[in-house]
Amino acid sequence: MAYSINHHITDWVEKCRALLQPDQVVWIDGSEAQLEQLRNEAFLTGELIRLNEEKLPGCVYHRSALNDVARVEARTFICCEKQEDAGPTNNWMAPAEMKAKLRDIYDGCMKGRTMYVIPYAMGIVGSPFAKYGIELTDSIYVVVSMAIMTRVGTEIYKGIGESADFIKGLHSKAELDAEKRYIVHFPEENYIMSVNSGYGGNVLLGKKCFALRIASVLGRNEGWMAEHMLILGVENPQGEVRYVCGAFPSACGKTNLAMLIPPQAWREKGWKCWCVGDDIAWLRPGPDGRLWAVNPENGFFGVAPGTGAKTNPNALEATKKNTIFTNVVLKPDGTVWWEGMDKNPPTDALNWKGEPWDPASGEPGAHPNSRFTAPAVNCPCISDKFNDPQGVPISAIVFGGRRAKTAPLVYQSRDWGHGVFVGSIMGSEKTAAAEGTVGETRRDPMAMLPFCGYHMADYWQHWLDMEKLITNPPIICNVNWFRTDDEGHFLWPGFGDNLRVIEWVLRRAFGEVDARETALGYEPYAKDIDLEGSGVDEATLEELLSVDPELWRQEVAGIREFYAKFGDKLPQRLRDELDALEKRIG
Ligand code: OXD
Ligand code: MN
């Protein structure tokens, strides 16, 4: 055997075996032969359904329980010793109390089942960014999903060596009882416990639980950052690639931006875009003082509805082989469908619940949060740096949200500290009650509200402190693709045309274009955004870039109210930035 499994791992697995009492323990080695055997077992029990081997080679279908179709924020906990360390935006319980509760639920819950031991890496094994995890689970769906979303294999044991430096993850579907469903993080012990769910976001523990909640704490302790960000490479006609990271709350087109296709005229000139990551970025200062990023994941866990040949052909293409589809429409020929894939809903298919479905019924066939789990290598625009252990250098960070009127199309922060402020006030509007009006704003700082594993105000302080480690920092901008006119129509075409804005951002990062200073920061001169072929005229662009002082006075009041939640822990710098903004607006 070219590797050995250290006693920290075997002792822990044995302890869990004794408590959960599975009939057997199977050690996953990451080999295709073992995964194939598990898929075959799951086909027999119905946990997975084989799809059309010709049309969707290597693809399988899965349904989660009807009561178990999304992340459960109300049942997600950060259990550190002091409540204050979890902060006002996380659920908290004392670790000992939570462990006692979970022990009762876990007791004997794997009787009659198999416990799988999954060794996995977030990042490339051996890379300075890499971190290792072991997940125990009683779900074959979890095993085969982790084999797509992370790097699973016995080389992880070599990466861990003799150390206890790995993230423990214990998952059991148990009874899928929603009343006893818990997604729990013990950041002081590098331990994640998940029980009574089989839905991806709650059970693929490498993703939100490890790569964001636990890793955000590791990043603070070790001088790096775990962020809910896409990573996009933009290649200009000269062949130079510049990289940008982006954080957006859900339903803001993050996956589309991560896999952006340049407008036709730009493609003809030689512009290309490359996806490094669609959801999570781990960022470290490099020896050159720049910020370097890797995507710690190995696949995409994307929302299916709305992913179509027009909106995101790259994502659609990524799902054509070796993909797991969850809670979408199942067609009789063993292929799948979802709302927004195309305009031809099947008439003889089963909906996400497994019932015969009539598209004329008005009920969606796919669950709105139905998903595809696809290998990143399937994506036609995957970056050639995707597997680079050093990552990519980041020139700009963009924050964004869905704002009908308030935020302009783009503005650049004055400096790093002001950029942290801009990230901290991020928010998205819930659908407005009436067309053309402004909806209620849900604040989602850095798109991390449900994913920060510690006190949000300490997290902001960590962002501020990182400035000392990054001597050549990326610029920080805010974008808003969702400005509307008074009838509620979008003013900006979005999708591939967003490159017109990203390109301005990247030119700013390299000092290649002037900007005008406004109350918010720096905004483009209209002439500097290339509108050719966009269908947007210069007057509309001026409207997109306009800032309404009255709306910003209301915004400042809203931010003050939001900041009040964080009490004394709110970094003084952010308080000062808010006061300065208020003054500049007048
Ligand atoms: C996701 C999310 O699934 O952010 O990526 O909820
Ligand atoms: Mn996400």
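## A salt bridge within one helix

R553 and E550 form a salt bridge, their closest N and O atoms being 3.2 Å apart; the term means a side-chain nitrogen of Lys or Arg within 4 Å of a carboxyl oxygen of Asp or Glu. The two residues are three apart in helix α16 (residues 549-564), so about one helical turn separates them. Helices (H or I, at least four residues) and strands (E, at least two) are DSSP runs numbered from the N terminus. R553 is partly exposed at 39% relative accessible area, and E550 is partly exposed at 38%. Buried means under 20% relative accessible area, exposed over 50%, and partly exposed in between (1.4 Å probe, protein chains only).

## Basis of the model

This is a predicted model, in which local features need pLDDT of at least 70 and side-chain atom pairs count only at pLDDT 80 or more, while totals for chains, interfaces and linings use all residues. Residues are numbered from 1 along each chain as its sequence is written, chains are lettered from A and ligands numbered from 1 in the order in which they are written, and side-chain values use heavy atoms, with hydrogens and water left out.

The structure holds 37 salt bridges. One of them joins K207 to E297 at 3.0 Å, N to O. K207 lies in helix α8 (residues 206-222) and E297 in the loop between β16 (291-294) and β17 (299-303), 90 residues apart. Both K207 and E297 are buried.

K208 pairs with D279, with 2.8 Å between the closest N and O atoms. D279 sits in the loop between β14 (272-277) and β15 (281-285) and K208 in helix α8, so the pair ties together parts that are 71 residues apart in sequence. D279 and K208 are both buried. A network of salt bridges links K207, K208, K254, D279 and E297.

## Domain 1 against domain 3

The domain assignment, automatic or from a database, gives domain 1 (7-48 + 75-222), domain 2 (227-295 + 386-585) and domain 3 (299-374). Ten residues from domain 1 and ten residues from domain 3 make the contact between them (heavy atoms within 4.5 Å).

About 810 Å² is buried between domain 1 and domain 3, with carbon and sulfur atoms giving 70%; buried area is the accessible area (1.4 Å probe) that two parts lose on being put together, summed over both. I148, M149 and Y199 supply 62% of the area that domain 1 buries there. Between these two domains the count of salt bridges is zero.
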